Amino acid sequence: MDKLDRYLGSSAVVSALLGTSCCAIQLFLNAFSFGCAGFAVLDPYNTFFTTLSTASLIGLLGYNYHNETLNTSNKSLWMAVAASLLLRSFPLIVDKLNNPTIDDQLIEEVIDLEIEGMKCKGCANAVHNALNSVEGVEQNSVFFDDRTAKIYTKGKKVTEAELDDALKPLGFKAKPKACPQ
């Protein structure tokens, strides 16, 4: 593997990581109960990072094809391709985790909340996990696009204050969702 090969592979992976940092890195931090790390500042540049990652992958594949090294034994090539594609899929994975299918038979009450402080889909995942930790919450869906959450409860009566208390340590605030006029 020469310098250009390493550069293109690294560029593809790093740009994919930067383009999905609010999901990929923040999910890792969420696993250790860290709040928002501020990666949402990179969101306006997602198109640039996606383009750079795609161009780097095309360059990497073309370069290896030209040098006749595009084969299954070129592990670093395929690792760069796999890592880039996996990183690009993180936003889809996070959306699925934050909005699971709800079984209507498990629900007694639905609470709609507005969530303040969510800056990215990784933050929405932290909110989702914190709400699920509240006793009586059967399931919840968090919607980053409109900064809301639907909480489905069964058994114990869950108050909005309990839900807000679960979010405060992570830097988020929950309040009742305003009814449309």
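## Surface patches and a cysteine pair

Asp 103, Asp 104, Glu 108 and Glu 138 gather on the surface as a patch of negative charge. The model is predicted.

Asp 103 sits in the loop between helix H4 (75–98) and strand E1 (109–116). Asp 104 lies in the loop between H4 and E1. Asp 104 is exposed, whereas Asp 103 is partly exposed.

Tyr 45, Phe 48 and Leu 52 form it, with about 310 Å² of accessible area together. Tyr 45 is in the loop between helix H2 (21–30) and helix H3 (46–66). Tyr 45 counts as partly exposed.

The cysteines come next. The whole structure has zero disulfides. For Cys 120, the nearest cysteine sulfur is that of Cys 123, 3.6 Å away. A disulfide needs the two sulfur atoms within 2.5 Å, so Cys 120 is in no disulfide. Cys 120 is buried, and Cys 123 is buried too.

The relative accessible areas are set out below.

| Residue | Relative accessible area | Class |
|---|---|---|
| Asp 103 | 39% | partly exposed |
| Asp 104 | 65% | exposed |
| Tyr 45 | 48% | partly exposed |
| Cys 120 | 0% | buried |
| Cys 123 | 0% | buried |

Conventions. Residues are numbered from 1 along each chain as its sequence is written. This is a predicted model: local features need pLDDT of at least 70, side-chain atom pairs count only at pLDDT 80 or more; totals for chains, interfaces and linings use all residues. Side-chain values use heavy atoms; hydrogens and water are left out. Patches are made of residues with over 30% relative accessible area and no salt bridge: like charges are joined within 9 Å, nonpolar side chains (Val, Leu, Ile, Met, Phe, Trp, Tyr) within 5 Å. Accessible areas come from the Shrake-Rupley method with a 1.4 Å probe; for residues, only the protein chains shown count as cover. A salt bridge is a side-chain nitrogen of Lys or Arg within 4 Å of a carboxyl oxygen of Asp or Glu. Lys and Arg count as positive and Asp and Glu as negative; His and the chain ends are not counted. The place of a charge is taken as NZ of Lys, CZ of Arg, CG of Asp or CD of Glu. Helices (H or I, at least four residues) and strands (E, at least two) are DSSP runs, numbered from the N terminus. Buried means under 20% relative accessible area, exposed over 50%, partly exposed in between (1.4 Å probe, protein chains only).
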